[in-house]
Amino acid sequence: MIKTNAMRILDKSNIHYKTYSYDSSKTISGVEVAQYLKQNPDYVFKTLVTVAKSKNHYVFLVPVAKELDLKKAAVSAGEKSVEMLKQKDLFNLTGYIHGGCSPLGMKKLFKTVIDISAQQQPVIIFSAGKIGYQIETTVSELQKVISFSLADIVI
């Protein structure tokens, strides 16, 4: 198992976590990742990056089987509206590529919002910052390394 930057951040802060890897040779969806890992899709979250009219960027984590509600996301960020960041802009902004974007270790700290359903899950699983690698931890452990709020942000 390789160590990603996100894993090193967790290690440095003595955060308890588990890792998973999967064959990423085929393009697979978040739901397929959950199935491959034999995990409940309600536990597996995707990391989405948005941009507001104000040009501020926001990070949202939502369950892989759900969709981000852009109106709810904007309200949770204190913006009038947000839209998904163009895929071509993701790497330059975050240092991550599409499909391997983690809420940990981005080039800059962005306001992060996690769907409120996460607080009801025993664990959450999200990208480790490289396609084919996932991190599992609890919401309370994650809060020790990144600042985020919880809100209802899915359709």
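**Note on the predicted model: loops, strands, cores and pockets**

1. Lys38 sits in the loop between α2 and β2. Elements here are DSSP runs numbered from the N terminus: helices are H or I with at least four residues, strands are E with at least two. The phi of Lys38 is near 60°, a positive value in a residue other than glycine. Most residues other than glycine have a negative phi. Lys38 is exposed, with a relative accessible area of 73%. Exposed means over 50% relative accessible area, buried under 20%, and partly exposed in between (1.4 Å probe, protein chains only).

2. On the basis of the model: it is predicted, local features need pLDDT of at least 70, side-chain atom pairs count only at pLDDT 80 or more, and totals for chains, interfaces and linings use all residues. Residues are numbered from 1 along each chain as its sequence is written, and side-chain values use heavy atoms, with hydrogens and water left out.

3. Two other loop residues deserve a look. Lys55 belongs to the loop between β2 and β3. Its phi is positive, about 75°, although Lys55 is not a glycine. Lys55 counts as exposed at 62% relative accessibility. Ala65 is in the loop between β3 and α3 (70-77). Ala65 is exposed too, with a relative accessible area of 52%.

4. Strand β5 (residues 111-115) is mostly covered, with four of its five residues buried. It runs parallel to β3, joined by four bridges. Strands pair if DSSP finds at least two bridges between them. Leu61 has Ile114 of β5 as its bridge partner. β5 also runs parallel to β8 (residues 149-151), through three bridges. There, Asp115 stands opposite Ala151 in β8.

5. The largest nonpolar core has 29 residues, of which Val49, Ile135 and Leu142 touch the most other members. Such a core is a set of buried Ala, Val, Leu, Ile, Met, Phe, Trp, Tyr and Cys residues joined through side-chain atoms within 4.5 Å. Two or more residues each come from α1 (5-12), β2 (45-52), β3 (57-63), α4 (87-94), β6 (124-127), β7 (133-137) and α5 (139-142). Apart from this core lies another, of 14 residues, including Leu48, Ala52, Val62 and Ala151.

6. Which residues does Val49 touch? Leaving out residues up to four places away in sequence, they are Tyr58, Val59, Met84, Leu85, Leu90, Leu93, Thr94, Cys101 and Met106. Contact means heavy atoms within 4.5 Å.

7. The largest pocket holds about 660 Å³ of space. Its lining has 28 residues, with Lys46, Thr47, His98, Gly99 and Gly100 nearest its centre. A pocket is an open set of points on a 1 Å grid over the protein atoms alone, where a 1.4 Å probe fits, with protein on both sides within 12 Å along at least five of seven lines; lining residues have an atom within 4 Å of a point. Grid points are joined across faces, edges and corners, and the volume is the space filled by probe spheres set on them. β2 gives the largest share of this lining, five residues. The lining divides into 14 nonpolar, 11 polar and three charged residues. Asp, Glu, Lys and Arg count as charged, Ala, Val, Leu, Ile, Met, Phe, Trp, Tyr, Cys and Pro as nonpolar, and the others, Gly among them, as polar.

8. The second largest pocket holds about 230 Å³. Of its 14 lining residues, Pro103, Leu109, Phe110, Ile146 and Ser147 are closest to its centre. This lining has nine nonpolar, three polar and two charged residues.
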